[in-house]
Amino acid sequence: MTHSPLLRSDQTLFRDPDVFELTFVPEHLHHRDAQVKELAFLISPALRGGSALSAILRGPPGTGKTTTVHRIFTMIREETQRIIPAYVNCRQDHTPLAVYGSIFKQVCGYAPPPTGWHLDDVKEGIVSRLRDRNAALVVCLDDADDLIVAGTYNPLLYQILRLYEKWDVRKAGVFAVTSDLDLNLGAEADSSVRSVFHPTEITFLPYTKAEVREILADRVRQGLYPRVLPKPLLDRIARFAAGEQDVRVGIDLVRQAAHRAEKDGRRRVTHADVTAAARAVTAPALRNRAAGLSAGERALARWIAERSRDGADMASGAVFEAAQEYLPVGKTAYHEHLNALAKAGIVDLVPRTGRGREVRLRYDAGDVAAACRSPDQTCKIPNGS
Ligand SMILES: Nc1ncnc2c1ncn2[C@@H]1O[C@H](COP(=O)(O)OP(=O)(O)OP(=O)(O)O)[C@@H](O)[C@H]1O
């Protein structure tokens, strides 16, 4: 077996480390043509002197919503002066003054004075620039659910969408973005907002494994030197990220695995690097998921982990039969617990050919057992709990 020479301390595996940063906007936006087209269609009236239309962008985390908006906004900035886009991260900015301050900065090119200005002064600054340039405003409210929590969702939508009533400007378009699938941003709008907010729903489904692989392969090409990440490991990472339904997990895994190899002075990432990185990436997520479980659900998760590690039959029925010897749990409670584990994203319940479902752990069995350990380690499932 030939070994590649060790990496010198002044050498790196990263061609461009920024490619793995959360703020990086990729050159190619894969598999989001339909969404880009739809957004382009909604803003097109503003190119002809009219007003842009609004949208709600909805999909689980890491499905490219923010990136798609950045892509469209970059295209607008490159191609026209007739629309001014403003991107607001509502996780950071959720008070009216902060949101308008962010819009002002992007419309005017500088920040409003930190003191002495009222909200109306900031709005006035925005609209006078829009009027000077005869431009229409399009605002993206990313993570708009944070506005709901802050109680500013309806007032802000109302004001932004009705700017044209008080000042002589075109009606703004609003793209409201959420990754909370249980939240209907349209229904959260009150009646006074609904009369001016008629958003088109744009859905972002999780990427398939092949799509995740393509996105990651692109990132690896740009960010790492050739041959640093062998193809089978890229496949493994893509599988993992697709299982997590978040391409961000894959990007982070590539970065962490390459860092491990670099730290050891190796020129190639190994399976062990990916395994260790996967643990580091998933540990916080797994801990969060386990934290919401009841004692009974945790006990079942530990039992499933143990059984899976032993290579036993993981058919749901077989797991129940065997569990009865160790856990005082009835059939109804078992199914309730199992569904809770699936909902928490700790197991997948995969239909079997023929009948029944197979219980599959999403994470390493040892990690699940550790994350679901009960504080006193003596927890039992109460009957029917
Ligand atoms: N289609 C894609 N092509 C290339 N990179 C992508 C694509 N989709 C997502 N990414 C990358 O994945 C990461 C997450 O994407 P993004 O932030 O756009 O997702 P999101 O749906 O807005 O997530 P969240 O709801 O958590 O904010 C980013 O690093 C982004 O560059």
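Me: Two strands pair if DSSP finds at least two bridges between them, so what is the bridge partner of D348 in β7?

Reply: The bridge partner of D348 in β7 is R360. Please keep in mind that this is a predicted model, in which local features need pLDDT of at least 70 and side-chain atom pairs count only at pLDDT 80 or more, while totals for chains, interfaces and linings use all residues. Residues are numbered from 1 along each chain as its sequence is written.

Me: Which way do β6 and β7 run, parallel or antiparallel?

Reply: Strand β6 (residues 347-351) and strand β7 (residues 357-361) pair in the antiparallel sense over 5 bridges, where strands (E, at least two residues) and helices (H or I, at least four) are DSSP runs numbered from the N terminus. Their hairpin has 5 residues between the strands, and G354 there takes a positive phi near 95°.

Me: What does A315 touch, leaving aside its close neighbours in sequence?

Reply: Beyond its neighbours within four places in sequence, A315 is in contact with R352, G356 and E358, contact meaning that the C-beta atoms, placed from the backbone, lie within 7 Å. A315 sits in the loop between α14 (295-309) and α15 (316-326), and its C-alpha is 9.0 Å from that of R360, although the two are 45 residues apart in sequence.

Me: Why is A315 called partly exposed?

Reply: Because 15 other C-beta atoms lie within 10 Å of its own, and that count falls between the limits for buried (20 or more) and exposed (12 or fewer).

Me: Switching topic, what is the order of the strands in the open sheet?

Reply: The 5 strands of that sheet follow the order β2-β3-β4-β1-β5, with parallel pairing. At its edges are β2 and β5 (200-203), each of which pairs on one side only. Within the sheet, β1 (residues 55-58) and β4 (residues 173-178) are joined by 4 bridges, and R58 has T178 as its partner in β4.

Me: Which strands does helix α2 lie across?

Reply: Helix α2 (residues 65-79) lies across β1, β2, β3 and β4 and runs at about 155° to β2, the angle being taken from 0 to 180 degrees between N-to-C directions of axes fitted to C-alpha atoms, for helices over the stretch in contact. Helix α3 also packs on the sheet, where it touches β2 and β3 and makes about 140° with the direction of β2.

Me: And which residues of α3 are buried?

Reply: They are V99, Y100, S102, I103, F104 and V107, and their cover includes β2 (83-89), α4 (119-132), β3 (136-142) and α6 (153-161). Just after α3, G109 takes a positive phi of about 90°.

Me: Stepping back, what domains does the chain have?

Reply: The assignment, which comes from an automatic or database source, gives domain 1 (33-203), domain 2 (207-289) and domain 3 (292-371). The centres of domain 2 and domain 3, taken over C-alpha atoms, are 27 Å apart, and their contact takes 6 residues from domain 2 and 8 residues from domain 3. On the domain 2 side, helix α13 (residues 271-291) gives the most, with 5 residues.

Me: How many helices and strands are there in the chain?

Reply: There are 17 helices and 7 strands in a protein chain of 385 residues, of which 39% are buried. The C-alpha trace spans about 75 × 60 × 45 Å along its principal axes.

Key
Contact = placed C-beta atoms within 7 Å. Pairing = 2+ DSSP bridges.
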